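Here is a walk through one structure.

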Protein chains: 2
Amino acid sequence: MVQDLDLNIAFDPQSIAVVGASSDDAAEKKGWVGRLQEFGFKGKIYPINPKASVILGLKAYPSVKAVPDPIDYAIVSIRSSFVPGVLRDCIAKGIKVVHIFSAGFAETGMDEGRRLQEEVISIIKEGKIRILGPNCMGIYNPKTGLTFNTRFSRESGNVGIVSQTGAGMMELVPHANARGIRFSKVISYGNALDISAAEFVEYFAKDAETKYIFCYVEGVNDGIRFFKAVRDCNKTKPVIILKGGLTEGGSGAVSSHTASLAGSELVWKAFFNQTGAIQVDTLTEAVEQIVAVEKLREIKGRRIGIVARGGGVGVVATDTCERAGLKVPALTKETRAELAKITPADAGSSIRNPVEIGLGRFGVSEYYATGLRLVADDPNIDVVMAVINPHVYTQEGIGAKEIDQSAQVLIDTAKTLSKPMVVVVTLGDDIDVIGMELAAQEKILNAGVPAYATVEAAIQAISKMAKYWEFRRSL
Amino acid sequence: MVQDLDLNIAFDPQSIAVVGASSDDAAEKKGWVGRLQEFGFKGKIYPINPKASVILGLKAYPSVKAVPDPIDYAIVSIRSSFVPGVLRDCIAKGIKVVHIFSAGFAETGMDEGRRLQEEVISIIKEGKIRILGPNCMGIYNPKTGLTFNTRFSRESGNVGIVSQTGAGMMELVPHANARGIRFSKVISYGNALDISAAEFVEYFAKDAETKYIFCYVEGVNDGIRFFKAVRDCNKTKPVIILKGGLTEGGSGAVSSHTASLAGSELVWKAFFNQTGAIQVDTLTEAVEQIVAVEKLREIKGRRIGIVARGGGVGVVATDTCERAGLKVPALTKETRAELAKITPADAGSSIRNPVEIGLGRFGVSEYYATGLRLVADDPNIDVVMAVINPHVYTQEGIGAKEIDQSAQVLIDTAKTLSKPMVVVVTLGDDIDVIGMELAAQEKILNAGVPAYATVEAAIQAISKMAKYWEFRRSL
């Protein structure tokens, strides 16, 4: 192992050998060679298969050693029992990083798998080589065209991910893309036999492209290094962490997934307290939190102003806020007097906080922006949440155009408001209207304003950002 | 007041006076008269407006007293200061139930509003009349065509709702309709000046059409009566309750919404413990819980078997289960041996629980049903959750037909399984695929099998049903 290897080679290899490329072109189109071709990998690709001479138009070789040119990176997708032999070939060839896609090691819980993992460890101890995996999907780097899924966006962004689940990333990345998030690099690192989460966090801390980090970890081999890496990084770049296997049952599931030691709940509690990392509980929540770290301006306190339609909806939102550690204080007399001027007197509208502002017949009226500004300017308020539900009005004629206009009003207002603002566009029940509402969310997100589909998701994300900024200010 | 009045008159009036019908036909089309006409109300409608002779083709009258025929029910939609006078007219006319839609009473927090509410109370004390509201949307009864929103389903079902939020129902009912839920009666009762939640729960307990009840309450005037009504009803018909205003901030929001006394968190905790009612925290959660009470068979214990794709996804689902009070025990050796026969050996698939079963190239393979059956038959398992995510496969060719076939396999399996089962079809990021996935959910729901869009929602609902059945068995 060369611990000081520049990880850039893993993200930006000039050449890749795919060991175990299928000789069936139709199958390999969905395999590693096909994926790299389709996604536009910029370097050279060498399919390795002793039974084929050409794969997807590329010359195939019986082994990496048979390739005449130098190779930076290998993707190994063969039966686990063949991995040690291939690794020895890779070392002989001078390959710098090997991504072992194959599963069938310690995570199986079987003697044979454990023995194979030990053998791999002893092989790489001797050679100048670094290992990603085994049992993982490897690397997605839109800039260099390296990917494990062709559905991922070709555009590059500022979010880096280090994840011990690859399948989870197959869902998370496209979902995050649809929520306006673009990635610098995403790493699925599996059993973490060599390169670990800590090293990747250290890399992201220095990486100019990466400004926000999300980690999904099940177990950590080098706890102190990981702790220090996260603590240092989180001071300038927010680190969101989902720790899988925190519960008793979850820790059992971890051992059969990546053979990691899950660690105790108490230890992890201290970890989060001391590093200030943002803890999330599900992959869905992770995406919502990434939206907030990237798009929500610094929150100076926990007092939220809610602008929503419907008294009961406001009551429930208030309870949800308070349960999440936010406060929903009454607005000042002065603000209320101003709000009273733009809300209908007899309609049962509340102006205390939550605030109801006349939406006009078809969405967001001219009063809405004024109302939001009044709430944001109130000295009792640190952050504003505006909730709209266009589907309630759709039967009365509102359509894509009106919803889009509402989104524009919210964007324009959010950008010039004195306090940070989050928008919630709840989703209706008719697929056409849902399409319009998702488009509105996308527009808002792409304009750099955090947008959510539920009040609960928005409140969770806001509450965790409030805590994060308290930590940052305490340093 | 006639406390012994048969509430059936409120749900099935033969004639309705709309006091405050607009003389502008275009406006009134969206008003009470127009709504009743559009929704197909089967009785007579009398628009009341001193300035019009005909409204939407119906003869209008200057007051209810001027109507020559008897009237069962009045909807009052006028400025609050005129309400006392109209109420006196209604009593003189012999109207049995008056729904006061108008706001502007105690909930305003103003002296004038409080005085008006007191006046209304003193008027109805003398007369033979019952009041629904003020400050509420009234009644939705698909059987009789009475509604406050024309987007609600015309089909009748078995769920009854008593709600102190009307705006919340505008979202909840169509949302629940899309989730396969149909209603017997929905009541928005606002400030609860006369007919209260307790009385409606008592009504539902006896109502043959209603088998499941959801209450949204902010405050309860007659606590002991409500407690008894819920406790008795819940023994045979599950009662789900969302108590709005449980937090300090929420209780403030309640007073400006329906002028209710929110009550302390401790009192409500005891209430839920002793009645066994199912507590939910948001209106979205309420819908998910209604799906479960209606469609999930009795759960005999808290041990769940999870069948999902992706080790990390399984780990997170396990943690979520354990946090919700469910257990994810390892399957027996015998079950695992059987599962091993149908799962690929080297693919890193777990068969411990959570279980990964080969889905086949395009969704649910023939092994999937076998796998679900093995998990359900395991003596360590009480309930099964199957999670599919078709959008992960859509780029490889899966389409509406394949997703529909997967849904059918899950339906057929669920219906013949030895244990209750919940299906999760997660939603993708592309609107076309989301449409297919929502259609699959709808198909599953309409076949009587509980289906959810997120693992978290499914787990919450299952966990609360486990608790409910423990309560039922303890009686």
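**Around the axis**

Start with Ile431(B). Among the residues of chain B, its C-alpha comes closest to the rotation axis, at 4.0 Å. The model is predicted. Two copies of a chain are related by a rotation about an axis and a shift along it. Here, a rotation of 180° superposes chain B on chain A, with 0.0 Å of shift along the axis. The RMSD of that superposition is 0.0 Å. The two copies are thus related as by a two-fold rotation axis.

Through what surface do the copies meet? Of the interface residues of chain B, 100% are also interface residues in chain A. The copies therefore meet through the same surface.

Now take one chain on its own. Chain A has 18 helices and 17 strands. Its C-alpha atoms fill a box of roughly 85 × 45 × 35 Å along the principal axes. A compact globule of 475 residues would have a radius of gyration near 23 Å. Chain A has 26 Å, which agrees.

Next comes burial. Of the 475 residues in chain A, 62% are buried. Taking the contacts in chain A with a separation of 6 or more, 75% are between residues 24 or more positions apart. Then there is the surface. Chain A exposes about 17400 Å², and carbon and sulfur atoms supply 52% of that area.

The one in chain A is α3, residues 32–39. This helix is mostly covered, with 6 of its 8 residues buried. The buried residues are Trp32(A), Val33(A), Gly34(A), Arg35(A), Leu36(A) and Phe39(A). Gly40(A) follows α3(A), and its phi is positive, near 85°.

The one in chain B is α11, residues 283–295. Burial is heavy here: 11 of the 13 residues of α11(B) are buried, so the helix is largely enclosed by the rest of the structure. Among the buried residues are Leu283(B), Ala286(B), Val287(B), Ile290(B), Val291(B) and Val293(B). The list also includes Glu285(B), Glu288(B) and Lys295(B).

Ala27(B) sits in another helix, α2 of chain B, residues 25–29. Is Ala27(B) buried or partly exposed? Its relative accessible area is 38%, so Ala27(B) counts as partly exposed. Gly312(B) lies 285 residues from Ala27(B) along the chain. The C-alpha atoms of the two are separated by 55 Å.

Last, the cysteines. A disulfide is a covalent bond between the sulfur atoms of two cysteines. How many disulfides are there over all chains? The count is 0. The cut-off for a disulfide is 2.5 Å. In chain B, the sulfur of Cys233(B) has its closest cysteine sulfur in Cys215(B), at 8.1 Å, and that is also too far for a bond. Cys233(A) counts as buried because its relative accessibility is 2%. Cys233(B), at 3%, counts as buried as well. The threshold for buried is under 20%.

Key
Residues are numbered from 1 along each chain as its sequence is written. Chains are lettered from A and ligands numbered from 1 in the order in which they are written. This is a predicted model: local features need pLDDT of at least 70, side-chain atom pairs count only at pLDDT 80 or more; totals for chains, interfaces and linings use all residues. Side-chain values use heavy atoms; hydrogens and water are left out. Helices (H or I, at least four residues) and strands (E, at least two) are DSSP runs, numbered from the N terminus. Buried means under 20% relative accessible area, exposed over 50%, partly exposed in between (1.4 Å probe, protein chains only). The expected span of a helix is 1.5 Å times one less than its number of residues. Copies are superposed by least squares on the C-alpha atoms of residues with pLDDT of at least 70 in both. Contact means heavy atoms within 4.5 Å. The radius of gyration is taken over C-alpha atoms; the globule rule is 2.2 Å times the number of residues to the power 0.38. Accessible areas come from the Shrake-Rupley method with a 1.4 Å probe; for residues, only the protein chains shown count as cover.
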